[in-house]
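Reader: I am new to looking at protein models. Could you show me how to read the rings, the cores and the strands?

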Amino acid sequence: KKIIVLFSLLIAFSCEDKNEEEVVNLNGTYKLNKDSWDCEGLEDIIYVTIQKSTGGITLTDYDYEGDACEDGTDCYGKDSYELVAEGNGYKFLDYLKVEANGDGIKLIHIEDEGTYTENFDKESSDVKTFSPVCN
């Protein structure tokens, strides 16, 4: 009986370590895949960074306002979200989920009208920043 209890604890701690590794593996910078552009085929430059911090996991979205889709100012719109672990990925409240997708990630947006997914390709294992940031 002691061996079964000890084995169960070992499995529980092993799974916990695996989740920690998964967080580390998602750290980095990702770029919106061309197949996920939703702008009548026009280039839509969006970068997402994921970084593990002491408070949890931060996802930062940098949307370039000067691309063909926005046709605006030469700056990046910037938003950050604190994620929490859920299943095989992470979530922000009840409307954004992040999951590994091969060598990239997918963002699943949950809205009243339905769900849509954006795919991002991994650009770097480094967490990059983009500037200038729009006011």
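Reader: What should I know about the model itself?

Author: It is a predicted model, in which local features need pLDDT of at least 70, side-chain atom pairs count only at pLDDT 80 or more, and totals for chains, interfaces and linings use all residues. Residues are numbered from 1 along each chain as its sequence is written, and side-chain values use heavy atoms, with hydrogens and water left out.

Reader: How many aromatic pairs does the structure hold?

Author: Rings of Phe, Tyr and Trp (its six-membered ring) pair if their centres lie within 6.5 Å; planes under 30 degrees apart are stacked, over 60 edge-to-face, and the rest tilted. There are six aromatic pairs here. One of them joins Tyr 76 and Phe 130, a tilted pair with 5.5 Å centre to centre and 40 degrees between the planes. This pair links distant parts of the chain, 54 residues apart: Tyr 76 is in strand β4 (residues 76-86), and Phe 130 is in the segment after β8 (114-124). Strands are DSSP runs (E, at least two residues), numbered from the N terminus. Tyr 76 and Phe 130 are both buried. Ring pairs also gather Tyr 47, Tyr 62, Tyr 64, Tyr 76 and Phe 130 into a cluster.

Reader: Which residues have the most contacts inside the largest nonpolar core?

Author: In soluble globular proteins, nonpolar side chains tend to be buried together. A nonpolar core is a set of buried Ala, Val, Leu, Ile, Met, Phe, Trp, Tyr and Cys residues joined through side-chain atoms within 4.5 Å. In this model the largest has 16 residues, and Ile 50, Ile 105, Leu 107 and Phe 120 have the most contacts inside it. Strand β2 gives the largest share of this core, three residues. Apart from this core lies another of six residues, including Ile 45, Tyr 47, Tyr 62 and Tyr 76.

Reader: Why is β3 described as largely enclosed?

Author: Eight of its nine residues are buried, so β3 is largely enclosed by the rest of the structure. Two strands pair if DSSP finds at least two bridges between them. β2 and β3 run antiparallel, joined by eight bridges, and they form a hairpin with two residues between them. Eight bridges also join β3 to β4, again antiparallel.

How values were computed. Helix = DSSP H or I, 4+ residues; strand = E, 2+ residues; numbered from the N terminus. Buried < 20%, exposed > 50% of the residue type's maximum accessible area, 1.4 Å probe, protein only.
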